[in-house]
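Subject: Structure for you to look at

Hi,

Here is the structure I promised to pass on. Please open it and keep it in view while you read my notes.

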Amino acid sequence: MSCSAPSFAPLPALILANTSIRSCRTLRDKRYDLLFEPVKIGPVTAKNRFYQVPHCTGLGRLRPRMLAALRGMKAEGGWGVVCTEYCSIHPASDDLPHPHASLWNDDDIKDHALMTEAVHRHGALAGAELWVGGARTANLYTRETAIDVTSMPNLAGHPYQSQAMDKSDIRELRRWHRNAALRAKEAGFDIVYVYATHGYLLSHFLSAHSNTRSDEYGGSMENRARLVRELIEDTKDAVGEKCAVAVRYSVGGDDGEDPSLTSERRDRLEMLAELPDLWDININDYYQEMGVSRFIKEGSLEEHMSFVKSITTKPVVTVGRFTSPDTMASQVRRGIVDFIGAARPSIADPFLPKKIEEGRLEEIRECIGCNICYAGDGLGVPIRCTQNPTMGEEWRRGWHPEQIPQKSSDASVLIVGAGPAGLEAARALGQRGYRVTLAEATRELGGRVARESTLPGLGEWRRVSDYRLGQIEAMPNVEVFRESELSVDEVLAVGADHLVMATGSTWRADGFGRTHPKPLTTLSTAARILTPDDIMAGQLPDGPTVIFDDDSFYMGGVIAEKVRRENVPVTLVTPENVVSAWCEYTSEHYQVQKNLLELGVDIKTGHSLLAYDGREVTLCCIHTERQQSIEAGALIMVTARSPRDELYQALKQRMEEGAQMPFRSLRRIGDCEAPAMIAAAVYAGHRYAREFDTEPDPDASCRLK
Ligand SMILES: Cc1cc2nc3c(=O)[nH]c(=O)nc-3n(C[C@H](O)[C@H](O)[C@H](O)COP(=O)(O)O)c2cc1C
Ligand code: SF4
């Protein structure tokens, strides 16, 4: 791996168009001035208060060039501090298949230097989060033995157990940590972390619950904090002259922890208060700290951490899916924090600080709290974001979140359908300068996003269409027509050079899905069978209802909540072992199941649907094939969707019949091509617009370094 500066995939030699179509740069609102004050962190100074806290990317040590470009983009967007993801100090802390960073050897130094150079180029500080997984890691890749405070079962559920650390292991750990800190310094990092939270090794040492040792590293609070104290001191000693030392630390929270443990967290923080140069504060409950908007709103950690600044003179950062500059400024003004910490808001909009600085608040692409970004970590693949389709594509495709090549012709484009794919295609084509006509069949713009955001907890999802509509509104070259359901002849009459069908999809009512590869023939035609589309359109069942969720992402659970809140008895049936199984990847599964159980939804896992005669739903256990019946006045199918591609197919047929067509190309994008998650639809719209009138690199998606 070469140590040269990251080589961004070259953009075509075209003039770039900024996202900002309002050319005048207004001055920022005075109320936000304090967000742009420099803050000293030990020996270094951050240029402002915007702090990208550590977050993984599905890239880590596997794809350093993609990573460097991604982090460099955040720095370009104005973040004063940009950190790595969790960064292993030794092969005995290996989390693959979850891609993490590492500082194991000199090759790693070169890889990280790509990132620090990219970050420094824009005047930001770079932070490295040194990490030891302990019993959370099974070391599946390195095959080293995991170590922890005691010998305990692997906490990620793998059939391994950690080795209890003796004194010589603790000495070794301190040596590894010191060496990793020295490598971090050599790689150019300005901030080096001691990572003492999130259920990894150091949090086990700290906790009276898991630390049952009888030596000087166990017993009293002071003893249990000894290793963390030593690591802070070691790191200061090794790199403290040049680098700031930060500690990521949990102050407690509502995760059912014994209150005495939570009060000890405060006492311990008081004891260590002045040791590091910065406190990065979070809470025990990851489901809240990184909560989806369905359950957790902006700034939710404040009630747990607001005391921290009263017990330390060191700068404090915390998180809370901050997208509102008013909330940010208020947190600083009220003395809650010194830095505005952000993972997801910086993913959804790497240019959030710049937009606040330049008074372009309406251009902020606000995070919707869907946690699709987190799924990449669980799946071991590069990060993607629903709001920001360029995330992860900075190096591989050379995509910039704010800039896009200017148009290279005077071609006009008709887009049919103003859902997430159509809106993003219209926005990005409009940004490039093309003449765009966007036709939507209904009165409301936003497609599935507009509909789904009416479901319980999903209100913030509307930000997907709000952001795009706000941009489009200011584009004189993009015309939007509502209530314009077009026929083939009407499409042709528009006279556009290029046609894009983005007409979405509809939920199927016939049982077809993963479990049943053909429509069920055992459904009575007289039975009341509904789909999520019907529920979103206001057709609610009024008697006992069965939901068959063969989709297993969020929709089945959300529909169950919606119907149950109408006081209707609901049974949610799924062939999976848990409800909303894919929500494990978005780190919300626990809350989904808890919420449904608390609402009184009857959950039946491991069952598939056999038949419905209008009075009884017949189910079958997927393990024993035993059948059972449940009385139900309605059945809601959450199984699969059909692309709404009739218009596309009709136009294509005309072309195939040899008719002379007045347009040059016909494409379908998003759910109309292949129904998938909203992130995929936004991406499809963006990709269409990026590649329009160009010769895209066919190998771009293979470029994974
Ligand atoms: C995709 C993703 C990956 C994350 N990876 C890490 C990590 O490697 N280390 C860490 O300390 N926290 C990690 N976090 C937690 C964040 O640092 C942060 O505490 C959390 O997302 C809440 O902040 P936010 O509301 O600004 O997103 C991750 C969060 C996200 C969204
Ligand atoms: S994927 Fe969703 S939660 Fe993650 S940053 Fe993007 S919008 Fe926010």
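A residue is near a molecule if its C-beta atom, placed from the backbone, lies within 6 Å of it. With that cut-off, 13 residues surround ligand 2. The closest are Ile347, Cys367, Cys370, Cys373 and Cys385. Please remember that this is a predicted model.

**Around ligand 2**

Which helices each supply at least two residues of the shell? They are α11, residues 344-348, and α13, residues 372-379. Helix α11 gives the most, with 3 residues. By class, the shell around ligand 2 holds 8 nonpolar residues, 4 polar ones and 1 charged one.

**The whole protein**

Now step back. The secondary structure comes to 22 helices and 30 strands. Why can we call the protein as compact as a globular protein of its length? Its radius of gyration is 27 Å, and the globule rule gives 27 Å for 705 residues, so the protein is as compact as a globular protein of that length. Along its principal axes, the C-alpha trace spans about 80 × 65 × 45 Å.

Of the 705 residues, 53% count as buried. Now take the contacts with a separation of 6 or more: 73% of them come from residues 24 or more positions apart.

**Domains**

The protein is divided into three parts. Look for these on your screen:

- Domain 1 covers 52-379.
- Domain 2 is written in two pieces, 404-504 and 644-702.
- Domain 3 covers 508-641.

How do domain 2 and domain 3 sit relative to each other? Their centres, taken over C-alpha atoms, are 32 Å apart. In domain 2, 8 residues are in contact with 6 residues of domain 3. The domain 2 side of this contact divides into 4 nonpolar, 1 polar and 3 charged residues.

**A sheet to trace**

Next, find the open sheet of 5 strands. Its order is β21-β28-β22-β23-β24, and the pairing is parallel. Which strands are at the edges? They are β21 (529-530) and β24 (602-605), and each pairs on one side only.

Zoom in on one pair. Strand β22, residues 545-549, and strand β28, residues 634-638, pair in the parallel sense over 5 bridges. Thr545 stands opposite Ala634 in β28.

Best wishes

Methods:
Residues are numbered from 1 along each chain as its sequence is written. Chains are lettered from A and ligands numbered from 1 in the order in which they are written. This is a predicted model: local features need pLDDT of at least 70, side-chain atom pairs count only at pLDDT 80 or more; totals for chains, interfaces and linings use all residues. Helices (H or I, at least four residues) and strands (E, at least two) are DSSP runs, numbered from the N terminus. The radius of gyration is taken over C-alpha atoms; the globule rule is 2.2 Å times the number of residues to the power 0.38. A residue is buried if 20 or more other C-beta atoms lie within 10 Å of its own, exposed if 12 or fewer, and partly exposed in between; C-beta atoms are placed from the backbone. Two residues are in contact if their C-beta atoms, placed from the backbone, lie within 7 Å. Domain bounds come from an automatic or database domain assignment. Ala, Val, Leu, Ile, Met, Phe, Trp, Tyr, Cys and Pro count as nonpolar, Asp, Glu, Lys and Arg as charged, and the others, Gly among them, as polar. Two strands pair if DSSP finds at least two bridges between them.
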